[in-house]
Amino acid sequence: MRLRSLFLMAVLGATAFAQARANETLTVYTHPSFAAEWGPGPAVKAAFEQQCDCTLQYVVLDSGGDILQRLRLEGASSQADVVLGLDTATMETARQTGLLAPHQVSLAALELPVAWRDELFVPYDWGYFAFVYDTEQLPNPPTSLDELIGAPDDLKIIIQDPRTSTPGLGLLLWMRSVYGDQAGEKWQALKSKILTTTKSWSDGYFSLFMNGEAPMILSYSTSPAYHMAIDKTDRYQAAAFEEGHYLQVEVAALVASSRHKALARRFLAFMLTPEFQREIPLKNVMYPAIDLGDELPDVFDRLIQPSQTLYLDPATVAEHRKAWLEEWLEAMSR
Amino acid sequence: MLDVRDLTFHYPGGARWQFQFTLAPGECLAVAGPSGSGKSTLMNLLAGFLTPDAGSIQWRGRELVGTPPWARPMTSVFQEHNLFEHLDVTTNLGLGMDPGLRLTARQRQRIADGLKALGLEGFGQRMPGDLSGGQRQRVAVLRALLRDQPILLLDEPLTGLDPEARALLRDLLLAQKAEGRLLVLASHDAEDRDVLADRLLPV
Amino acid sequence: MPQAPFRHPAWLIGPGLAAAGILLVMTVAGLAALFWQAPLPALAELWQQPYLRRVLTFTLWQATLSTLLSLAVGLAVAMALARRAVFPGRGLLLRLMELSLVLPTIVAVSGLIGVFGRQGWLTRLADGWLPGWNLYGLGGILLAHVFFNAPLAGRLLLQALESVPAPRRRIASQLGLRGRWLWLALDWPAIRRVLPGITALVFTLCFTSFAIIMTLGGGPASTTLEVAIYQSLRFEFDFGRAALLAVVQLALCGLLWLLLVRRAPTRGLAPDRRLPEPIRRPDQGGLRALRDRALLLVFSLFLVMPLAAVLIRGLPGLTGMFLQGGAPLATLWHATLRSFAIALPAGLMSVLAALCLLALGNRGGRYLAPLSPLTTAIPLMVPPIVLGTGLFLLLRPSLGDAAQGMALVALINGLMALPFVAQLLRGPLNSLDAASLRQADQLGLLGWYRWRWLYWPKLKQPLALALAYGIALSLGDFGVIALFGAPQEPTLPVLLFQQLGSYRTEQASGTALWLGLMLLLVFLSLGRLGQPKAGRPATTLSTTRVHHA
């Protein structure tokens, strides 16, 4: 019920803040975790404006999915110059809209676990999906997906729904890349361990995990960095799984209808500089997309280092997503 | 002159009535009959709360059928439920004179005088619920009189009252006749009818 | 006789007709825009999908169960409250009942989990007594729906029970009616008038429930139609399917409203009368009293415990924010002000619109009157995500500026509150009895005067409560202003969600608590405003003997 007005406003209201200034204004569609006062957004804005003689303006939409949705709805009349906050799960759909233009930015500085040669999307951070656990409740977490699936039923985990949440979809792809066509059966085996499947990451993390309802939740391998650096507690850690972890890359792209393409490309290039990237680790709680050297906070050294990076080509994901979702639904509803 | 002709009415699937009478200023017509005989139906037809199937009600040559209740030259007093329970006595009375309650000093004086005459001095701020049945009915009759309408429709106005209130109100109604008002009285009570009525309309 | 302002009958129909028109046009246009964008999927084919059939079956099943349970609990509580008109803390209990509905789902759910979850207080307390108790599944869904809706139902039913005219209550008391007879003479006639509307309201709320179902449902086996709509629109970009599912939802709920609400009797019972001393209900004493006390105690605990969990969890964060001050506190203050700047006009608007629509329902005649129950319910039945997308497609070339945006937010929040506000006002508005109406007609109390002297005095308290609901629903509504572009300008719920999305659990708990306090404040202040003065007004002559005929 409360969600209802949210989207309405999201779609109706965005252009409201498009104020013209004397100098050029760059409009970036993004989501709240980037633009919030404690996110990287404000510092990035200050840093970029100092060197561009322009105004950087964020239009904040609820999530990556909303950014894409808005872009599709607005089509060629969009106010956006740059969209920032899409990820590997949504980028293929975004590509198919034909509303994005090549970035022409040098990707040489990129430091990702996979080779990246996309001409539309520029990565700005990345992370692994992982199960975060409460060390006080669960001193010895499973060390592999297999072990998790085979664990006794009194081990309970919280996951998110792949139909409505990014990590939820991440786990779906994770299972798929480890088990292939056996994924359905494995889901059925995992089912008895799943306490509940929440709509969003926030629902699960706040209402359930931090309330101690289950000792493990599907999250990011970087989540403990926040708890260690900001909350000053080592209590929450990510479990390293032998099969490897599925990768999420967050990306930005240039909108084809932009009237400030040169400035937009400058911003995309700026994204891959330390001025932008140093805000990422603790404010977005993800790995920076370039090598920050000593500037990477120490807590990041204490995060798990997956033995293998699992990653499916976005085009493949887009092609099969519907079938895989149905497989999951079938397995979980039985 | 009030001239009621062939005034017919029926409830869906129920009884059917026809009324006919004339009434001159200063006269009182008593409508007599057992319960359910149509006394109240006639009262409601006259006041405009019910719409007749046919017939006419003429007042000084003007047709009243089709005129809404608030535009008819009459005022009703029922056995019960004559007052707005959530408004105090003065407001109830004042609304009888002006629905916007913008009362002139003279109108306020009339209310005070009326209350005094009926032995209700100082009751202006009371709520109807705080009054006895006799007191409530006195207020109801007072409001009817303050409205200065030529026709009074009295539906069992004295039924159930204590003898004191009864006598007081009877006298008041007789005084209205003397002033040239027309009274239509529905009453079970033979004594009331004998004292007040000039003619009888059996229904 | 001076002419009453607004006395023309058109004033009773026109504004309502305009409001209904706006709502209908928005709905139809929103849906049509989606259909126009995408090819229409075949309805038969949609129905063939086992997934969808399962979803629909589950939706209906859980909504029916939730509604029955909520009504049963709500009725029991309302009866107990009616029987115990005076006890310490009664007012506070009423405020809590009002509060539970308007809390943001995520806050209430986190409170419920703190009590009934695997690690919840109660679960730990009852350790071993309740084998097999598991919050996650149908049980949890029902529990949460009862937590949200039973207090709403109870509050509305109590309002109806208290509207029984005093003379009638006194007669029942004098006759010493008990049990079934008391129920038939007193309670049932009052409840009968509001029950259909409450049933439809609660059913629709449960039918369209979303986050609760997903969080507490345990898995995708518990999925409502609303989830399927969201999925189609947001993840599959299948506009046609989303719109079609929305139409299915609209049709099912709309049918229920038409069936139920049209049959509700709408006239008042008899003139009410203020009596000098409270009337004792014949069933007030003895064993029944004990049972009532126990029931109210349990119910209060059921409401208080999750809220206490929210309080305890949020206290460190909130005191932290107040003690440290600085930016987080400033953000909180600004968010609070911004929330109220939207919620107050939204609340006022919903009350106004509800009055207009209800007047239309009473005076619209055979053809226009049914528009009233239908349009007051529409905001609940059409997922705004659908409506919003459709409207966006229509308005795309010309969207307004910031001020218009703000007004639009208030407008839409106001519309969202309409079903609740209308339900609160419908009973009292229709409670004028025939005798009062007859008097009013004869005295020429028309138009504005009728409102001023008849409706306003009787509606003051329901209006205050309805306004509180309107404001609170808008205040607790997740999400509006941050989406207008400036993350520096969130409302309270948006701030809460932003903090949640960035690991700021402690601050988020504090913000949630603060939001809860603000909601309570709204109900407390407006609840006081609408309070009728107890007993009777001071009399001028205490010497007069007061007796009753």
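Predicted model: local features only at pLDDT ≥ 70, side-chain atom pairs only at ≥ 80, totals over all residues.
Residues are numbered from 1 along each chain as its sequence is written, chains are lettered from A and ligands numbered from 1 in the order in which they are written, and side-chain values use heavy atoms, with hydrogens and water left out.

I begin with chain B, where UniProt, in an unreviewed entry, places the feature "domain: ABC transporter" at residues 2-203; UniProt positions are in the numbering used here, feature names are shortened, and annotations may be inferred rather than shown by experiment. The end C-alpha atoms of that span lie 18 Å apart, and the span is 34% helix and 24% strand, where helices (H or I, at least four residues) and strands (E, at least two) are DSSP runs numbered from the N terminus.

One open sheet of chain B has five strands in the order E6-E7-E8-E3-E9, with parallel pairing, and two strands count as paired if DSSP finds at least two bridges between them. Strand E6 (74-77) and strand E9 (199-202) of chain B stand at the edges with a single partner strand each, so one side of each has no neighbour in the sheet. Four bridges join E6(B) to the parallel strand E7 (residues 151-155) of chain B, and within this pair B:Ser76 stands opposite B:Leu153.

A second open sheet in chain B has four strands, ordered E2-E1-E4-E5, and here the pairing is antiparallel. Its edges are strand E2 (16-23) and strand E5 (62-63) of chain B, each with a single partner strand, so one side of each is left without a neighbour in the sheet. Two bridges join strand E4 (residues 54-59) of chain B to E5(B), and B:Trp59 stands opposite B:Arg62 in E5(B).

Turning to chain A, the assignment, which is automatic or from a database, gives domain 1 (2-126 + 248-302) and domain 2 (127-246 + 308-333). Their centres, taken over C-alpha atoms, are separated by 26 Å, and 19 residues of domain 1 of chain A are in contact (heavy atoms within 4.5 Å) with 22 residues of domain 2 of chain A.

How much area do these two domains of chain A bury between them? The figure is about 1,800 Å², 69% of it on carbon and sulfur atoms, buried area being the accessible area (1.4 Å probe) that two parts lose on being put together, summed over both. A:Gln248, A:Val285 and A:Arg302 supply 30% of the area that domain 1 of chain A buries against domain 2 of chain A, more than any other three residues.

One salt bridge is found across the interface of the two domains of chain A, and the side chains of A:Arg302 and A:Asp234 meet in a salt bridge (2.8 Å, N to O).

Key
Salt bridge = Lys/Arg side-chain N within 4 Å of Asp/Glu carboxyl O.
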